Amino acid sequence: MALLDLNKLTADLSSTWAGYLRDWDRMLRAGNYPETTRYNYLLAAGQLARYLAEHSPDPDAADAAKDPTEVTRGHADGFGVRSRDERTRPSG
């Protein structure tokens, strides 16, 4: 069974994001990247899109959630901080 299922990874993303991720996966496959690497890259990009749609405080995030060409360095930094904080948050 394949690890990478693009339909699952892009299920709730805009058609523009889904198209970019499909194109990126095709490029990664052409570069002979391992499936696990492709999966991790595409998963992170999908998580960024979901963060922009659901959690980003940035007023421009709604545009970036629809179109990856609208993503800024600030969006990516905010996503990175949130991801780090979620991993290091104590449980309980």
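Trainee: Is Asp23 buried, partly exposed or exposed?

Mentor: Asp23 counts as partly exposed, at 45% relative accessibility. Keep in mind that this is a predicted model.

Trainee: Thanks! Which side chain does Asp23 meet in a salt bridge?

Mentor: That would be Arg26, with an N to O distance of 2.4 Å. Both residues sit in helix H2, 3 residues apart, or about one turn of the helix. Arg26 is partly exposed too, at 46% relative accessibility.

Trainee: And how many salt bridges are there by this rule?

Mentor: The count comes to 7.

Trainee: OK, what about Asp25, buried or exposed?

Mentor: Asp25 is buried, with a relative accessible area of 2%. Its side chain forms a salt bridge with Arg29 at 3.0 Å, N to O. That pair also lies within helix H2, 4 residues apart, about one turn of the helix. Arg29 is partly exposed at 44%.

Trainee: Where does Arg38 lie?

Mentor: The side chains of Arg38 and Asp25 meet in a salt bridge of 2.6 Å, N to O. Arg38 lies in helix H3 (residues 35-54) and Asp25 in helix H2, so this pair ties together parts 13 residues apart in sequence. Arg38 is buried, with a relative accessible area of 11%.

Trainee: So which residues end up in one network?

Mentor: Asp25, Arg29 and Arg38, joined by salt bridges that share partners.

Trainee: New topic: what separates the C-alpha atoms of Arg29 and Glu86?

Mentor: They are 31 Å apart, and the two residues are 57 residues apart along the chain.

Conventions:
Residues numbered from 1 in each chain as written. Predicted model: local features only at pLDDT ≥ 70, side-chain atom pairs only at ≥ 80, totals over all residues. Heavy atoms only, no water. Salt bridge = Lys/Arg side-chain N within 4 Å of Asp/Glu carboxyl O. Helix = DSSP H or I, 4+ residues; strand = E, 2+ residues; numbered from the N terminus. Buried < 20%, exposed > 50% of the residue type's maximum accessible area, 1.4 Å probe, protein only.
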